Amino acid sequence: MKIDLQILAMWAGALSAIIAFAKLVVSPFLSAIKKNNTTNELLQKAVEALTRDLKDMQKDREYVHKILEKHEERIDRNADGILVHTEQIKTLFNDKRGK
């Protein structure tokens with residue numbers, strides 16, 4: 001069996017072409033994928049932090065609404081008191097004018 005130098009050279013050229021293709025195309029592609037994965041991990045952490053902040057803000061908002069409801073009740077009571085006092089003042093002035 002005779003090894004043909006031309007066939008051996010052809011196989012070596014094909015192998016070197018495959019290796020060159022891998023270095024020129026596949027390596028940068030894999031590097032881009034790795035950077036993309038790193039960026040995705042950072043974005044995921046940022047989204048998780050924003051989700052926590054949003055939940056905290058929701059709790060704060062609920063607390064503020066409870067306080068506002070209490071203030072509205074107090075304002076309503078005071079408004080009712082003002083009406084009663086206004087009527088009492090009118091009654092007093094009417095009584096003094098009548099005498």
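Student: Is E87 buried or exposed, or in between?
Tutor: This is a predicted model: local features need pLDDT of at least 70, side-chain atom pairs count only at pLDDT 80 or more, and totals for chains, interfaces and linings use all residues. Residues are numbered from 1 along each chain as its sequence is written, and side-chain values use heavy atoms, with hydrogens and water left out. The classes are buried (under 20% relative accessible area), exposed (over 50%) and partly exposed in between, with a 1.4 Å probe and protein chains only. E87 has 47% relative accessibility, so its class is partly exposed.

Student: Which residue forms a salt bridge with E87?
Tutor: Side chains of opposite charge can pair when their charged atoms come close. The rule asks for a side-chain nitrogen of Lys or Arg within 4 Å of a carboxyl oxygen of Asp or Glu. Here the closest N and O atoms are 4.0 Å apart. The partner of E87 is K90.

Student: How many residues apart are K90 and E87?
Tutor: Both lie in helix 1. K90 is partly exposed, at 47% relative accessibility. About one turn of the helix separates the pair, and in residues that is three.

Student: How many salt bridges does the rule count?
Tutor: K90 with E87 is a pair that passes. The count comes to one.

Student: How many helices and strands are there in the protein?
Tutor: Both are DSSP runs, numbered from the N terminus: helices are H or I with at least four residues, strands are E with at least two. Helix 1 covers residues 5–98. The tally is one helix and zero strands.

Student: What is the radius of gyration of the protein?
Tutor: It is taken over C-alpha atoms, and the globule rule is 2.2 Å times the number of residues to the power 0.38. For 99 residues that rule gives 13 Å; the protein is well over this, so it is more spread out than a compact globule. The C-alpha trace spans about 140 × 20 × 15 Å along its principal axes. The radius of gyration is 42 Å.

Student: What is the separation between the C-alpha atoms of I18 and V84?
Tutor: I18 is in helix 1. Its relative accessibility is 55%, so it counts as exposed. I18 and V84 are 66 residues apart along the chain. Their C-alpha atoms are separated by 95 Å.

Student: What percentage of the residues of the protein count as buried?
Tutor: The protein exposes about 9800 Å², and carbon and sulfur atoms supply 65% of it. That area comes from the Shrake-Rupley method with a 1.4 Å probe; for residues, only the protein chains shown count as cover. Of the 99 residues, the buried percentage is 0%.

Student: What area does the nonpolar surface patch with L30 have?
Tutor: Patch residues have over 30% relative accessible area and no salt bridge; like charges are joined within 9 Å, nonpolar side chains (Val, Leu, Ile, Met, Phe, Trp, Tyr) within 5 Å. L30 sits in helix 1 and is exposed at 51%. F21, L24, V25, V26, F29, L30 and I33 make the patch. Its area is about 680 Å².

Student: Which residues gather in the patch of negative charge?
Tutor: Asp and Glu count as negative, Lys and Arg as positive; His and the chain ends are not counted. One member, D80, is partly exposed at 49%. The patch lies on the surface and holds E69, E72, E73, D76 and D80.

Key. Charge placed at Lys NZ, Arg CZ, Asp CG, Glu CD.
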